[in-house]
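Subject: The model we talked about

Hi,

Here is the structure for you to open alongside this message.

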Amino acid sequence: MKNLILFFAVLFSTPSISQKTIAHRGAWKMSENPQNSIAALQEAARLKCFATEFDVHLTKDNILVVNHDDDFQGMKIATSTYAELLTKKLTNGEKIPTAEDYLKEGLKHKNLRLILEIKTSPLGLERTKETANAAVNLVKKLKAKKHVDFILFDFETGVYLSKITKTSIGYLTGNKTPEELKTAGFKQMDYHFSVYQKNPDYISRAKKLKLSVNCWTVNSEKDVEEMLAKNVDFITTDEPELVLEKTKK
């Protein structure tokens, strides 16, 4: 019984300082990998980051693909088929990854968490919700729920998500209080670090509500040190090597 209690205490405890680093769009900057590529994911795993973050869009023919912007090398993802997107390649020769291929690769790295950002569709709210549905169904299909978190900027879609999945959901826009997030069903407060600078009590208020706290996109040594001093749970960064070095100290 004591061993079982200890197991759950470790499972649900706040991450240790060495677990804070989330590679933003993978580890791409120093390695010169394309952002959101499989290679960038693999580099994040090699560095022993806590997690890698990636962005997903829904194509015209309902394929979830991984890319930050809503266009891929001049083609609008929302109005292009996956076959059309395959006519272009990333700078390292990779094709644009499907979310399924990305998650399958990520699941090979057992200690790497996968942070899936559902991008707001330029076609409107209903298409954004369809993107969310596709992401939930894919995570179920791959039995990846224990390894994946969802994040997004669209509040209404986030509330919708909280009703159809128990997967942890983080809100990115920064315009809601911790109490509003908790009431709406979010599990994470995932704001740009400047929001915490303007609202210094947000972190303590979130933790009292048992919301995890992430900050993005933190790239300078000064800002990393400030966020660590504020005791955030996670730091999303384009400079994972820097954050990993800081969290070792």
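Which residue of β3 does His-57 stand opposite? The residue facing His-57 is Val-65 in β3. Before I go on from there, please keep in mind that this is a predicted model.

**Confidence**

Averaged over the chain, pLDDT comes to 93, and 92% of the residues reach 70 or more. Of the elements of the chain, β3 has the highest mean pLDDT, at 99, while helix α1 (residues 2-11) has the lowest, at 38. Over residues 1-18 the pLDDT stays under 50, and the model has five contacts for that stretch beyond four places in sequence. I have left that stretch out of the notes below.

I would begin with β2, which spans residues 51-58. Eight of its eight residues are buried, so this strand is largely enclosed by the rest of the structure. Ala-51, Glu-53, Asp-55 and His-57 point one way from the strand, Thr-52, Phe-54, Val-56 and Leu-58 point the other way, and all of them are buried.

The pairings of β2 are these:

- With β1 (residues 21-24), β2 runs parallel, joined by three bridges. Ala-23 has Thr-52 as its bridge partner in β2. Between the two strands the chain passes through helix α2 (residues 38-47), and this β-α-β crossover is right-handed.
- With β6 (residues 113-118), β2 also runs parallel, here over six bridges. Phe-54 has Leu-116 of β6 opposite it.
- With β3 (residues 64-66), the pairing is antiparallel and has three bridges. Five residues lie between the strands of this hairpin, and Asn-62 takes a positive phi near 65° there.

**Gly-26**

The loop between β1 and α2 holds Gly-26. Is Gly-26 buried or exposed? Gly-26 counts as buried, because its relative accessibility is 0%. Apart from neighbours within four places in sequence, Gly-26 is in contact with Ala-40, Leu-41, Thr-52 and Glu-53. Pro-240 is 214 residues away from Gly-26 in sequence, yet their C-alpha atoms are 9.0 Å apart in space.

**Salt bridges**

How many salt bridges does a search of the whole structure find? The search finds 18.

- Glu-100 and Lys-104 meet through their side chains, with N to O at 3.2 Å. Both residues lie in helix α4 (residues 99-107), four residues apart, or about one turn of the helix. Lys-104 counts as partly exposed because its relative accessibility is 42%, and Glu-100 is partly exposed too, with a relative accessible area of 22%.
- Glu-100 also forms a salt bridge with Lys-141, where the closest N and O atoms are 3.1 Å apart. This pair links distant parts of the chain, as Lys-141 sits in helix α5 (residues 125-141) and Glu-100 in α4, 41 residues apart. Lys-141 is exposed, with a relative accessible area of 55%.
- Asp-70 and Lys-76 form a salt bridge between their side chains, at 3.4 Å from N to O. Asp-70 is partly exposed at 30% relative accessibility, and Lys-76 is partly exposed with a relative accessible area of 46%.
- Asp-55, Glu-117 and Lys-119 are linked in a network of salt bridges. Asp-55 brings us back to β2, where it is among the buried residues.

**The nonpolar core**

In soluble globular proteins, nonpolar side chains tend to be buried together. In this model the largest nonpolar core has 56 residues. Those with the most contacts inside the core are Leu-103, Leu-116, Phe-150, Tyr-196 and Ile-235.

Best wishes

How values were computed
Residues are numbered from 1 along each chain as its sequence is written. This is a predicted model: local features need pLDDT of at least 70, side-chain atom pairs count only at pLDDT 80 or more; totals for chains, interfaces and linings use all residues. Side-chain values use heavy atoms; hydrogens and water are left out. A salt bridge is a side-chain nitrogen of Lys or Arg within 4 Å of a carboxyl oxygen of Asp or Glu. Buried means under 20% relative accessible area, exposed over 50%, partly exposed in between (1.4 Å probe, protein chains only). Two strands pair if DSSP finds at least two bridges between them. A crossover is right-handed if, with the strands pointing away from the viewer, the path from the first strand over the helix to the second runs clockwise. Contact means heavy atoms within 4.5 Å. pLDDT is the predictor's confidence in each residue, from 0 to 100. A nonpolar core is a set of buried Ala, Val, Leu, Ile, Met, Phe, Trp, Tyr and Cys residues joined through side-chain atoms within 4.5 Å.
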